[in-house]
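Here is a short briefing for a first look. Please read it with the structure open beside you.

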Amino acid sequence: MASPESAVNGPTMTAGAASKSLRNAFGGVIAFIILVLIGVLAFSIRLFSVIKYESVIHEFDPYFNYRVTQFLSKNGIYDFWNWFDDRTWYPLGRVIGGTVYPGLTLTAGTIWKVVNSLNIPLSVETVCVFTAPIFSAFASWAAYLLTKEVKGPGAGLTAAALLAMVPSYISRSVAGSYDNEAVAIFALVFTFYLYIKTLNTGSLFYATLNALAYFYMVCSWGGYTFIINLIPMHVLLCIVTGRYSSRLYIAYAPLVVLGTLLASLVPVVGFNAVLTSEHFASFLVFIIIHVVALAYYIKGILSPKMFKVAVTLVVSAGLAVCCAVIAILIAVVASSPTKGWSGRSLTLLDPTYASKYIPIIASVSEHQPPTWPSYFMDINVLAFLVPAGIIACFMPLTDSSSFVILYIVTSVYFSGVMVRLMLVLAPAACILSGIALSEAFNVLTRSIKFQLPGIAGNPSIAVRMWCIMSTSKENGSSTVVAPNDIPKTEEAAKEKPAKKNRKKEKENVEKKPTPSKTEKRLLVLPLEASVIAVLLLVLLGAFYVVHCVWAAAEAYSAPSIVLTSHSNDGGLHVFDDFREAYSWLSHNTDVDDKVASWWDYGYQTTAMANRTVLVDNNTWNNTHIATVGTAMSSPEKQAWEIFHSLDVKYVLVVFGGVVGYPSDDINKFLWMVRIGGGVFPHIKEPDYLRDGQYRIDAQATPTMLNCLMYKLSYFRFVETDGKGFDRVRRTEIGKKHFKLTHFEEVFTTHHWMVRIYKLKPQRNRIRGKTKKSKSSRSVSSKRDVRGKRNPWH
Amino acid sequence: LSLSQVENTGKAAASDVLLAFPPTEAEHLAEVKAQAASGKKRKKTYAHLIVEPTDVPDAPNGAKGFRLALHNPLSPGETTTIEVLYMLTHSMEPFPAEISQSDPQLVYYRDSAYILSPYRIKQQTTFIKTPSTNVQSFSRVEPTNRAGMELKYGPYEDLPAYSYSPVLVHFENNNPFAVVEELVREVEISHWGNLQITEHYTLAHGGAKLKGVFSRVDYQSRPSASGVSSFKNLLARLPPRVHSVYYRDEIGNISSSRLRTDSRKSELEIEPRYPLFGGWKSTFIIGYGLPLEDFLFESTDGKRYLNFTFGCPLSGTVVDKLTLKVVLPEGSKDPSAVIPFPVEEHMETKYSYLDVVGRPVLVLEKKNVVPEHNIPFQVYYTFNPIFMLAEPLMLVSTVFFLFASCVAYLHIDISIRKG
């Protein structure tokens, strides 16, 4: 908990006495120890879920990843690539190997294999549960490296400590939250680090590593498009602001070439790496950077007069070619219905897109725009520190600090569109807050030191080993130069002037004297103000730590398959209904039975109950989901027909009315109606609403009271308390006594949270002749109507 | 099905005594015990007799035979009293085979009014005790009497050898028919002071299958009338000083369990995730640790031996197939088991934490295990304590080499060009 403070103060304590090299060594060792502690902190703060609950996979998607990992560890990598999963999306199936981001699975599978080859018998589940905490420790180390490249180790350590416990990231990476994001954030930050490192060093080695890190990111998460758009944006920014250098070229060009080649190796991306619009920006910038590079080259070998002539020539010719190419591209892109963008990307560009066209994306709560409180909840005080960090990055603006600014600006936008992308914002916020805190501590502690009696006469002490000179606010201009910037500029100055443009030379000339100048112009804040400010900052940090620990312990560690409540006498009551139902399904139904439920429970059913489901959380086929939605919102008989045509044996509904579990199927029901109605127009949302209000009491519409979801949820519910009082909706239900004709209850869990019904078998047709003809006629007439409704007939 | 205790006393005259069982019973025969009684009523003393299966050459219809060796050969004309206790599993058949949630469970019990015997029987009586007074029907082989919970067949006089007269009793039995279809117990010995036991259960309700609907409303609101033959909790009797007990299944912890410990025994009350109705199944795992000094001893010849209880710790259940694996520490040799009844034995190798050569595993398998099999058995082996240090030394040397290589790396300049 003390690490952020000690990260900044630690080296200061040792700074005074020893010689410089010893000081460096001490600083290095202390920084290393602090980093290890930060890693331990990042790992252990995520273990609340294991301690408070149990070592179990959380939520929905992690169950799928867990199942895939199990398959991988059992059948090996080749079977994994070729895996066609017939236990989901019945009767369509799903090609898992080609539609899954394999990074997380392969990572955990490799860890499992290594550990087991050392004869440490960890189960796949254990490895999966602890993958996320391990990788969040890696992510905070990556944040240290990235921030160190931008603003030096002090800022790096602060940023790493902040990232280790930022609630937004904790929410996605507690032990058991075995999701893509867990490793992807590490990959994201590490890729950015390598990019900055390449940019600062111009080393082709780091450029290659960068491409590999990018490859890992592509393997891990669909969010890789953020990288492949952000880096080109930064490159473009550098070019436009006249910061083009050979280092920029080395940082960018190999990444595009190697990165795209590697990305297309991942089956789920494949040719999308060159075909879809998400990647378009990178290629455009790739062309631009080559043009610019050529221009600089020509400029270098031609005399200024000739160059002017050449420019006019090239520009006029180039413009014509560019126009032609762009026209073709636009034509190609426009010919595809979504303009070459995927639905989720379009939602990012146009936040209203999903709610208009794709209800299935809009129905997921994590795709909603966040509210202001969620910013405070997820990044807490960082939200206030970020602006200060941005200002610090402008003093001075380097290639790397401009990248960080660009990163924070874009991620703030994206997090504003989807609450889920708050996760991308978190590292950026941590890095900038780390910079801000570190700068602030720098200024303040130096002012204190400068004014303390005894050492005031010796200004050299005030100069830190790694940082950083900054002037006071009074003269408005301040300069911060990281030590790695100094050799860089010197190096640049050594290069042949012929190779450089004049502007760059000018810059170097301007830049070179600045460190010595600011050293002399060192101005300080009043002692009392500094002391108070330091105390306040420490208080702020403490507040952040308290909030993070609270968030990790209380808000984000519930596994969501187990619910707990505290009874009045302080006892803990456990609601383990989901696993009760899945366990019942897995032991007491036939292996090949098909279970229909809303798609939320698809992954869990396949993973925990090992039964075939119709739809699951990989919402790749909207029509199929709409079919299930239609069945749930139809009357019993039609629903039975739809389910029967799909070979369904059991229907599972989640019902919270007895214990007051709010995210049950009745509360999700309007989305079923909407999604079903989107494909089958006879389901109309207004039929289920009374005066625009969704209700299930006596005022509810007859369509609502007769639909399958209502009946399955409330079947014999009235017998529990005699009135049928629904504790979620806080009302008595509308229709209390009814019988099921086509379904029979086969299992209901202890707290009624999961109810499983079986489809009754088809009725025998041995009847009187007249009746038979009647019924057959009615069936056939109905079928005509249904022909449009049910796609499976 | 379980615990159908049928006691028979017979009188015979020979040096060996043969017992015979019909083939259907022999399949489910869990245990045969015999003891010879001597003395009069109150002062009876019992001497255990050795029972071993034999072939009976002239037995009709493949009847299985068991031989009892008497301590003192009987001279002709002399009489002795032998008590034979045998246990059958799965001897009751639910009828109707499928019942709904509100029905009581009725079962058939099939037996013979006359005991199957290779000898001529002078006089014989059979008593059948039923768990409830509700007896739907029973076969009559005169003279037959029924009084409350007891049925009396006989006495019959002068029966020829291998006489057989089937009887069928149909009665209500709402006892939970908890059957552990398969139980794998793994006992892992660590000479660092711990005995780790892991038990994998496949539990089933062997009674009448539940037909159609399971309604939670009925089950919760009328517990006496609904699902009377179902059961929802089990009791596991564990040794005292048990620690780190867990109860889980393949999808995670099961929160409904309770542990009571005192100095003599520990009782773990467990509830499966859902109440078990007829035909329903469930699987779960119980694991616990025990202090090693309670179970591991050194014998006089320098060997070590483990003294542990065979059988299933769950009370009131039968186990169709029990596999007991005793995992000995790495480096132990010559394992041998001493068990008071016949079991199948073979060896395996298991690799656990940082093992190099693997741990020898003695696997004992037995079918039809009843609570009477919960008796101690011994596994003898030799072990050199030096092997205990192998793994710590391995770890220490790994860390040492790591640091050594770090130091080496920092002091060696491997760049090609100086500068």
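**Salt bridges**

Glu719(A) is partly exposed, with a relative accessibility of 40%. Its salt-bridge partner is Arg716(A), and the closest N and O atoms of the two are 2.9 Å apart. This is a predicted model.

- Asp592(A) is partly exposed at 45% relative accessibility, whereas Arg87(A) is buried at 15%.
- In chain B, Lys325(B) forms a salt bridge with Glu348(B), and the closest N and O atoms are 4.0 Å apart.
- Lys325(B) belongs to strand E26 (residues 318-327) of chain B and Glu348(B) to strand E28 (residues 344-350) of chain B, so the pair links parts that are 23 residues apart in sequence.
- Glu348(B) counts as partly exposed, at 33% relative accessibility.
- A network of salt bridges links Glu54(A), Asp576(A), Arg579(A), Asp249(B) and Arg273(B).

**Sheet E7-E9-E14-E11 in chain B**

- This open sheet has 4 strands in the order E7-E9-E14-E11 (chain B), with antiparallel pairing.
- Strand E7 (92-94) and strand E11 (135-138) of chain B are at the edges with a single partner strand each, so one side of each has no neighbour in the sheet.
- Neighbouring strands here are turned by 20° against each other on average, direction ignored.
- E7(B) and strand E9 (residues 106-112) of chain B run antiparallel and are joined by 3 bridges.
- Pro94(B) has Val107(B) in E9(B) as its bridge partner.

**Sheet E24-E25-E30-E27 in chain B**

- This is an open sheet of 4 strands in the order E24-E25-E30-E27 (chain B), and the pairing is antiparallel.
- Strand E24 (296-298) and strand E27 (333-338) of chain B are the edge strands, each pairing on one side only.
- From one strand to the next, the twist averages 25°.
- Strand E25 (residues 304-309) and strand E30 (residues 376-382) of chain B pair in the antiparallel sense over 6 bridges.
- Arg304(B) has Tyr381(B) in E30(B) as its bridge partner.

**Surface patch and a loop residue in chain A**

- Val29(A), Phe32(A), Ile33(A), Val36(A), Leu37(A) and Val40(A) make a nonpolar surface patch of about 550 Å².
- Ile33(A) lies in helix H2 (residues 20-44) of chain A.
- Ile33(A) is partly exposed, at 45% relative accessible area.
- Arg729(A) lies in the loop between strand E8 (725-726) and strand E9 (731-732) of chain A.
- Arg729(A) is buried because its relative accessible area is 19%, and buried means under 20%.
- Arg729(A) and Leu22(A) are 707 residues apart in sequence and 68 Å apart in space, C-alpha to C-alpha.

**Annotated spans**

- An unreviewed UniProt entry places "domain: STT3/PglB/AglB core" at residues 592-651 of chain A.
- That span, residues 592-651 of chain A, is 50% helix and 12% strand, with its end C-alpha atoms 14 Å apart.
- For chain B, an unreviewed UniProt entry gives "transmembrane region" at residues 393-412.
- Residues 393-412 of chain B are 95% helix and 0% strand, and the end C-alpha atoms lie 28 Å apart.

How values were computed. Residues are numbered from 1 along each chain as its sequence is written. Chains are lettered from A and ligands numbered from 1 in the order in which they are written. This is a predicted model: local features need pLDDT of at least 70, side-chain atom pairs count only at pLDDT 80 or more; totals for chains, interfaces and linings use all residues. Side-chain values use heavy atoms; hydrogens and water are left out. Patches are made of residues with over 30% relative accessible area and no salt bridge: like charges are joined within 9 Å, nonpolar side chains (Val, Leu, Ile, Met, Phe, Trp, Tyr) within 5 Å. Accessible areas come from the Shrake-Rupley method with a 1.4 Å probe; for residues, only the protein chains shown count as cover. A salt bridge is a side-chain nitrogen of Lys or Arg within 4 Å of a carboxyl oxygen of Asp or Glu. Helices (H or I, at least four residues) and strands (E, at least two) are DSSP runs, numbered from the N terminus. Buried means under 20% relative accessible area, exposed over 50%, partly exposed in between (1.4 Å probe, protein chains only). UniProt positions are given in the numbering used here, feature names are shortened, and annotations may be inferred rather than shown by experiment. Two strands pair if DSSP finds at least two bridges between them. Axes are lines fitted to C-alpha atoms, for helices over the stretch in contact, and angles run from 0 to 180 degrees between N-to-C directions.
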